[in-house]
Amino acid sequence: MAYTYDDQNIFAKILRGEIPNNTVLETEHALAFRDINPQAPTHVLVIPKGPYVCFDHFAQEASDAEIVDYIRAVGEVCKAEGVEADGFRLIANAGKNGVQEVPHLHVHILAGRNLGRMLAPAN
Ligand code: 5GP
């Protein structure tokens with residue numbers, strides 16, 4: 001499907017510097033910052049700087065350079081946050097059924113406690 005990017009979403013505003021964020025890492029094509037409402041002791045969001053709605057949009061339309069930089073940024077944050085030893089979870093929600101709140105691709109990096117089973121019942 002063709003995605004339409006809404007440049008008024010909250011992460012677009014963060015990228016433009018219109019609202020503050022707690023930055024963990026910045027690269028040429030990616031920004032990582034702490035989630036404002038953390039669900040675990042470590043909860044970092046990693047976003048591409050380009051206008052991509054969700055993971056499949058990014059995978060289909062981003063350049064190789066953007067994709068490499070973004071995936072490496074996720075790895076760098078995992079290393080910097082020291083999550084490898086005890087484990088962690090990556091989540092990339094997409095669309096209505098994925099219950100994505102912010103329509104700019106973000107991977108959640110969650111760690112620091114046992115995160116339980118992968119899915120909770122829908123409510
Ligand atoms: P989603 O449900 O779209 O996968 O996740 C959106 C995430 O963005 C949520 O975990 C929410 O707490 C986080 N979030 C929403 N607004 C802000 C904000 O202004 N700053 C930061 N750092 N995180 C935000």
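This is a predicted model: local features need pLDDT of at least 70, side-chain atom pairs count only at pLDDT 80 or more; totals for chains, interfaces and linings use all residues.
Visitor: What is the order of the strands in the open sheet?
Guide: The sheet is open and has five strands, with antiparallel pairing. Its edge strands, each of which pairs on one side only, are β1, at residues 23-26, and β4, and the twist from one strand to the next averages 20°. Read across the sheet, the order is β1-β2-β3-β5-β4.

Visitor: Which residue in β5 does threonine 42 stand opposite?
Guide: The strands β3 and β5 run antiparallel and are joined by five bridges. Threonine 42 falls within β3, which covers residues 42-48, while β5 covers residues 107-111. The residue of β5 that stands opposite threonine 42 is alanine 111.

Visitor: At about what angle to β3 does helix α3 run?
Guide: Helix α3 takes in residues 64-81 and lies across β1, β2, β3, β4 and β5. Its direction relative to β3 is given by an angle of about 160°.

Visitor: Which residues that line the largest pocket are the closest to its centre?
Guide: The largest pocket has a volume of about 1300 Å³, and 36 residues line it. The elements that give two or more residues to this lining are α1 (10-15), β2 (30-34), β3 (42-48), β4 (88-91) and β5 (107-111). Of the lining residues, the closest to the centre are Gln39, His43, Asn93, Glu101 and His108.

Visitor: How far apart do the end C-alpha atoms of residues 10-120 lie?
Guide: Residues 10-120 are the span that UniProt, in an unreviewed entry, lists for "domain: HIT". In the model this span is 28% helix and 23% strand. The distance between its end C-alpha atoms is 26 Å.

How values were computed: Residues are numbered from 1 along each chain as its sequence is written. Side-chain values use heavy atoms; hydrogens and water are left out. UniProt positions are given in the numbering used here, feature names are shortened, and annotations may be inferred rather than shown by experiment. Helices (H or I, at least four residues) and strands (E, at least two) are DSSP runs, numbered from the N terminus. On a 1 Å grid over the protein atoms alone, a cavity is a set of points where a 1.4 Å probe fits but cannot get out, and a pocket is an open set with protein on both sides within 12 Å along at least five of seven lines; lining residues have an atom within 4 Å of a point. Grid points are joined across faces, edges and corners, and a volume is the space filled by probe spheres set on the points. Two strands pair if DSSP finds at least two bridges between them. Axes are lines fitted to C-alpha atoms, for helices over the stretch in contact, and angles run from 0 to 180 degrees between N-to-C directions. Contact means heavy atoms within 4.5 Å.
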